[in-house]
Structure formats: structure tokens, C-alpha cells
Amino acid sequence: MNAPLRRVGVVAMVLFGLLFANLNWIQAYKADEYRNSDYNGRVQVAEYERKRGNIEAGGTALATSKETGGKLRFLRTYPGGEKYAHVLGYKPVNLGDTGIERVENDFLAGTSDALIANRIKDMFTGDETSGGNVLLTLSKRAQDAAFNGLSNNQVGAKKGAAIAFDPRTGAVQALVSMPSFDPNPLASHDTDEATAAYNKLESAEGGPLKNRALSEVLPPGSTFKIVVAAAALENGIGKNTQISAGPSYTPPTSGTPIRNAVPSICPESEVSLISAVTESCNTGFAKLGVELGADTVKEKARQFGFEQDDLTVGQLGEGGLPVAASRTGAMQGPDGSTDPAALAQSSIGQRDVKMTPLQGALIAGAVANGGSQMRPYLVRQLLAPDRTTSYYTAKPRELRQPVSGQVASDLRDMMVSVVENGTGGNAKFNGYTVGGKTGTAQSGPQTPDHGWFIGFALDSKGTPVSAVCVVLEEAGSGGSAEAARIAGKIMQAAAADSGGR
């Protein structure tokens, strides 16, 4: 009798031990997952008990919460609609949140460790203090110019992106992706309505949910020539040095000639480096890339930010909106050795070279800022619910220094020449010195070319006030000129706001 009882007792103790271990495992490792699960209805209701903080820019609320009188007490609203969608993202009831809404969720919701004093006070007062407020770096004027420019572009492009930032600090002044979307239906408390709105956007032509400024990579065309020019300047070639050019160039190992956009571009056998940039001489840069070698070109691109896999844009030093890595490709043949034909094509921004619009702006920003490339950021400040306390204020940080001050100065002269004497004239505006580089990139055998522009604006003292990149996908003829025009409008708007930023 005692033996069976002992066995039952041992089994009971083992089962109790397993139950105790499982309980502790859930408490220690699974509690957050269960608490934050979309299927936890009590958590969902509790989350909407507290008013979510605002997301603001330039003193204007871009994301707010209003009372509903319903079970979910507060509805998230986005007064700017499509204009800020790819920055703000959206905060839905039954879908994954995105954008700054996701990145700063804890602070906006009031559950951040920084706001614990408010929650403790609420325990005694019975109040539900609002979440914290997130202040962005965006310039409303620059954002307007970017959104209106892309939406009403004069070449009929349906897809594109624009991003601008202050080269001195990295503060993002504008970020727009086209096509855009209205985030308000996605935040609806009617979950069927929100799901239907999401499914419609997910399947829509052009991919409106994609953040093309940060997450999409495309061949950059002639904008990549600035990277090759930087490598040349560091390897004994001055801005006035004559380089080999001509109307056509067939790289070794290739039977396909590289030609210039039109016969009038650098038909002579030699041109100066600054002229090659100004005219956008394909043959000159294809030959120059082959002369410099793949390792030199790839390394200079890496120093400007290509191949970086971990860059985000939000708070400095914290997680933010993810940025796709820009790539140069292998520039190699099947045997692993350098392929001169691939290298020549890559040196004019084709072949396997792919770049995000942010990377284009970072290149222009480093040139404008004396060779110092600042870390881009979107969050300027985190304010308490009552706005009396700041829990975070951005302090600009250098990301890298891809070129020396002298090389940056030479590149600056070349890019100013592009706007003053070459293909970038549409970017000019009064009172500022504007530099840039246009790019036309082949998108496929049966599709129109992409149009690019990267550039910067300097005030009368030579201080950089804005760096920008605009891309119009499959824009065809005139795409780069239109990208330059839009970029000029964005920089002009950012410059108008720069005195107060």
C-alpha cells in the first residue's frame, strides 16, 4: 500500500515541478509576447484607455487621437493624409503598426520606462495620463514641396521618391514616397474595414505601402559618377586633369560599346574631369573606372555608405525606419576575376549598382559638408505628456567621413558646374549656390529610364542648408531634368525654414 502511494506522490511532485517550471518560463520569457499579442482582447482595450501622444513637426500635429465614446476610447487620426504616410506609418487595431508609430510606440502609448513616474502617479489619482509626444525634424514647407512635386511631376511618372536633410546635422527635412496612401482607414476601429483597406493597398499597382525613399534600390545612373570622381581625385587626378573620353568605348572582353547620351557630349579624345562631370561623359567615366580598378571604385562606394546593412532613420543611436543597403555588385566575370565590361558599366551607375534615394542624398550631403557625412535622423525630441519635460533631444553625430575636405571642395566645384553649366540647371534658385548631378538609368529593355538628381544648396556664406535626392521611376525622356526641378523646389523650401531649425 505504501509503495503505490509513494509512487503516486512522486508523480504528483514531478508534475507539480513541471507545472511550476512552465509557469516560471511563461512569466520570464513569454509574458511580453502574450501581453502584447494581437489576440489579447483585454490588452487591446487597455491600450485604448490611454490617449496616445501626438506626432508633430513644425508645431503642427501630424498624428492625433480623438475620443470615440466607444469600447476603444481613442481613435488615431492623421490630418495630413497621404503627405506624411511613409514617415508616420499607422497604428491599427488588428494589423502590425509601421513607421514612427511603430518605432516610438512605447513612448507614444505611455508605456515607456521613461514615463513610469506618470504611471505611478496615475495609480494614486486614478487618472490615465496621455502618452508622450514625438517631435520630428521635418520641414512642413519642404515636405509640401516634395509631395506636390512628386504628385504633379511633369513627365507623368507614377512612382518615385524624394528625401532631403540638413547636411550639417543629418536632420531629415522631407521624406516622400510615391504613390502614397491615406493611413486613416487603416486605423479604423472597424477591423473588417481596416483589413479591406490594407488588402486593397497591398495589391495596388505601384506598391503604395513601400517606402521608396528608404527601402527600394535602383540603378543610380550618372549620379554614381560622383563616387568615381572622388576615387579619381584621391588617386592623382585633379579636377582639371585631362582624362580619356571620345564618342564610343568598347571595354576589353566586351563587344558592346558604351556611348554618350547624345553625340555632342565629349566627342573629343580627352576632356577635363570637371568637364566630364558637367557634361556627364559616359565614355570618360567608363574608361576612368577601368583605369582605377574595381577594388578602388568599390571601396570608395563603401566609404560613402554602400554595403551598409544596419542603417536606420529615427532617433540617433536607436532603432528607426529600416534602410535597405545600397550595393555595387561584384564587377566580376564568371571566373571571379574583374570583368572590365562589368566595371565600365558599373562606373556609370548601371550593371549591378543599386542605390536608395537616401544614399544619393548622403553622397550629396557629404560633399556639401566638407567631407563629413552626418547620421540621418527623424526624431528631434521626445516630450512629456504635459510638454514640460524633454526625455530626448537629438544631438547630431557624424556617420563617416568618406572624403577629405579638399576632395569635397573639388567635388563641390564640379557639382556646382553641373547646375551652372550642365544638365542640372533646373535645380537653380535665387540667393543660393546649388550643386548637383543628374542621372538617367536604364530600367529594362522594354521600360522607360529612371530619372535621378542628387544635390545640395549653400547659402551666401557657403554654409550648406539642404542635401537632396529625387528619383522618378520609369520617367523616360526628361526624367532627370524634372527630378532636378523638384529637387530645387524642395531645397528652396528647406532653405526658407533653415533659419528657425
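This is a predicted model: local features need pLDDT of at least 70, side-chain atom pairs count only at pLDDT 80 or more; totals for chains, interfaces and linings use all residues.
**Entry 1**

I began with strand 5, which spans residues 159-165, and asked how many of its residues are buried. I found that six of the seven are buried, so strand 5 is largely enclosed by the rest of the structure. I then looked up its partners, keeping in mind that strands of a sheet pair through backbone hydrogen bonds, either parallel or antiparallel. Strand 5 is joined by seven bridges to strand 19, residues 464-473, and the two run antiparallel. Strand 6, residues 172-178, also runs antiparallel to strand 5, and here I noted six bridges.

Next I traced an open sheet whose six strands come in the order 3-2-1-4-14-15, with mixed pairing. Which strands lie at its edges? They are strand 3 (74-77) and strand 15 (390-393), each of which pairs on one side only. Ignoring direction, I noted that neighbouring strands of this sheet are turned by 20° against each other on average.

**Entry 1: backbone angles in the loops**

I then turned to the loops, starting with P179, which sits in the loop between strand 6 and helix 8 (191-202). The peptide bond leading from M178 into P179 is cis, and its omega is near 0°.

Is T253 buried or exposed? Its relative accessibility is 67%, and because exposed means over 50%, T253 counts as exposed. For E474 phi is near 50°, and I found this residue in the loop between strand 19 and helix 16 (479-498). E474 is partly exposed, with a relative accessible area of 33%.

**Entry 2: aromatic pairs**

Finally I looked up the aromatic pairs, of which the structure holds four, and I followed two of them. In the pair of Y90 and F181, the ring centres are 6.0 Å apart and the planes stand at 85°, so I recorded the pair as edge-to-face. Y90 lies in the loop between helix 3 (85-88) and helix 4 (99-103), whereas F181 lies in the loop between strand 6 and helix 8, so the pair ties together parts that are 91 residues apart in sequence. Both of these residues are buried.

The pair of F224 and F306 is also edge-to-face, because the planes stand at 75°, with the ring centres 5.6 Å apart. F224 lies in the loop between helix 8 and helix 9 (225-233), and F306 lies in the loop between helix 12 (294-304) and strand 11 (312-314), so this pair ties together parts that are 82 residues apart in sequence. I noted that F224 and F306 are buried.

Methods. Residues are numbered from 1 along each chain as its sequence is written. Side-chain values use heavy atoms; hydrogens and water are left out. Buried means under 20% relative accessible area, exposed over 50%, partly exposed in between (1.4 Å probe, protein chains only). Helices (H or I, at least four residues) and strands (E, at least two) are DSSP runs, numbered from the N terminus. Two strands pair if DSSP finds at least two bridges between them. Axes are lines fitted to C-alpha atoms, for helices over the stretch in contact, and angles run from 0 to 180 degrees between N-to-C directions. Rings of Phe, Tyr and Trp (its six-membered ring) pair if their centres lie within 6.5 Å; planes under 30 degrees apart count as stacked, over 60 as edge-to-face and the rest as tilted.
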